[in-house]
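Subject: Structure handover

Hello,

Here is the structure for you to take over. Please open it first, then read my notes below.

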Amino acid sequence: MLGKNPLGCEAREGAAAGRAVESKMLRGRRMFLDRGWTPPTPYAGIWDRAGVLKVSAENGRMTDAAFYGKLADLHSHTRLCGHAEGEPRDLARRAKDLGLGVLGISEHCPMPSGFDRLRLAEERLPDYLAMVEDARRAFPTLPIRLGIEAEYCRGEAESVRRFLEKADWDHVIGSVHYLGKWNFDDPKEIPAWKALSDLRATWQAYFDLWKEAARTRLYDTLGHPDLVKKFGFVPEGSCEAMFEDALRAVAEAGCCIEINTAGLRKPVKEIYPSAAFLKIARRMEIPITFGSDAHAPSEVGANFREAVALARACGYTESARFEKRKRTMWPLPEKE
Ligand SMILES: [Zn+2]
Ligand SMILES: [Zn+2]
């Protein structure tokens, strides 16, 4: 049976509801009876006072709109980087369908010659800006943030700084994809990973760069914090001292770190960063952002339930988002 609450939300069939959900439903029923509304029978769902359906009776989980509405996916790519599909308008359509609170587009920034071409070409920056504007016009009720995923490479901070002056960004994600000239996260480099004699030294080199990235204060959040684990080459023994040292620099810089779900789609099959890393970040009160790192519209908001569960398990209760580089904090959804 279908029904509508006073604000027009649809109620769903309640047959599959478990006992715990039923007791919550009774509380919900009372709430609406207080407001002079008689729910349909069987009553099926819990709404908050703003009229947002929070828990569907089917499985006791928050519905997609109630869950995603509290979240910002700040990290996504477009066809302009040459290795992703879709335009901002396509990403926005997916975000809108999910009910995502905020969508951030964050194309790979241009870099000087000698780097890969898997990024926005500088002469196409006007196209990028126009495409984001086009998406904003097409989906006026969805807040769409203009972001950029900016590289950190030793010796290139000035060129990144100059590029960042060319647009009025909402947020800048700082990422390390290179150790020197080695693009260590390219799948073509797996044989090179296999040949490494000292994994721990490679990880340390990565986190040394990551610390430097934080210290530049060029970035609002640092992307996929332990990207170095992407192919599953992880040093034996604890890395906590290494993480602590890296995160201290982030805390001092007042920067956020990103919970990035792309790791689940890579050989390591784990969110970036690990729980061990995130617990230290929480202890240091480093704020988090969320990013799917979508390279196709279907990946927008991907695995955000797992991301929120990880954040909560590590003690987080809120996440950050940005507008014109000004940070605001927002509570996490109450349930995954
Ligand atoms: Zn990246
Ligand atoms: Zn990315």
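The protein chain has 10 helices and 13 strands. These are DSSP runs, numbered from the N terminus: H or I of at least four residues for helices, E of at least two for strands. This is a predicted model, where local features need pLDDT of at least 70, side-chain atom pairs count only at pLDDT 80 or more, and totals for chains, interfaces and linings use all residues. Residues are numbered from 1 along each chain as its sequence is written, while chains are lettered from A and ligands numbered from 1 in the order in which they are written.

Of the 336 residues in the protein chain, 42% are buried. A residue is buried if 20 or more other C-beta atoms lie within 10 Å of its own, exposed if 12 or fewer, and partly exposed in between, with C-beta atoms placed from the backbone. Take the contacts with a separation of 6 or more: residues 24 or more positions apart account for 76% of them. Contact means that two C-beta atoms, placed from the backbone, lie within 7 Å.

Now the helix packing. Helix α7 (residues 199-216) packs on helix α8 (residues 240-253) at about 10 degrees, with axes 8 Å apart. The two helices are therefore roughly parallel. Axes are lines fitted to C-alpha atoms, for helices over the stretch in contact, and angles run from 0 to 180 degrees between N-to-C directions. Under 35 degrees counts as roughly parallel, over 145 as roughly antiparallel, 65 to 115 as roughly perpendicular, and the rest as oblique. On the α7 side, the contact includes Trp203, Phe207 and Trp210. On the α8 side, Met242 and Val250 are among the residues involved. By class, this contact has 9 nonpolar, 1 polar and 2 charged residues. Here Ala, Val, Leu, Ile, Met, Phe, Trp, Tyr, Cys and Pro are nonpolar, Asp, Glu, Lys and Arg are charged, and the others, Gly among them, are polar.

α8 also packs against helix α9 (residues 275-283), at about 40 degrees with axes 10 Å apart. That makes the pair oblique. Glu240, Phe243, Glu244 and Leu247 of α8 meet Ala276, Phe277, Ile280 and Ala281 of α9. This contact divides into 6 nonpolar, no polar and 2 charged residues.

Next, the strands. Strand β10 (residues 256-260) has 5 of its 5 residues buried, so it is largely enclosed by the rest of the structure. Cys256, Glu258 and Asn260 point one way from β10, and Ile257 and Ile259 point the other way. β10 runs parallel to strand β11 (residues 288-291), joined by 4 bridges. Strands pair if DSSP finds at least two bridges between them. Ile257 has Ile288 of β11 as its bridge partner. Strand β9 (residues 221-222) is also parallel to β10, with 2 bridges. There, Thr221 stands opposite Cys256.

Some single residues deserve a look. Most residues other than glycine have a negative phi, and most peptide bonds are trans. Arg217 has a positive phi, near 55 degrees. Arg217 sits in the loop between α7 and β9 and counts as exposed, with 12 C-beta neighbours inside 10 Å. His224 has a positive phi too, near 20 degrees. His224 is in the loop between β9 and α8 but is buried, with 28 other C-beta atoms within 10 Å. A cis peptide bond joins Tyr272 and Pro273, with omega about -5 degrees.

Best wishes
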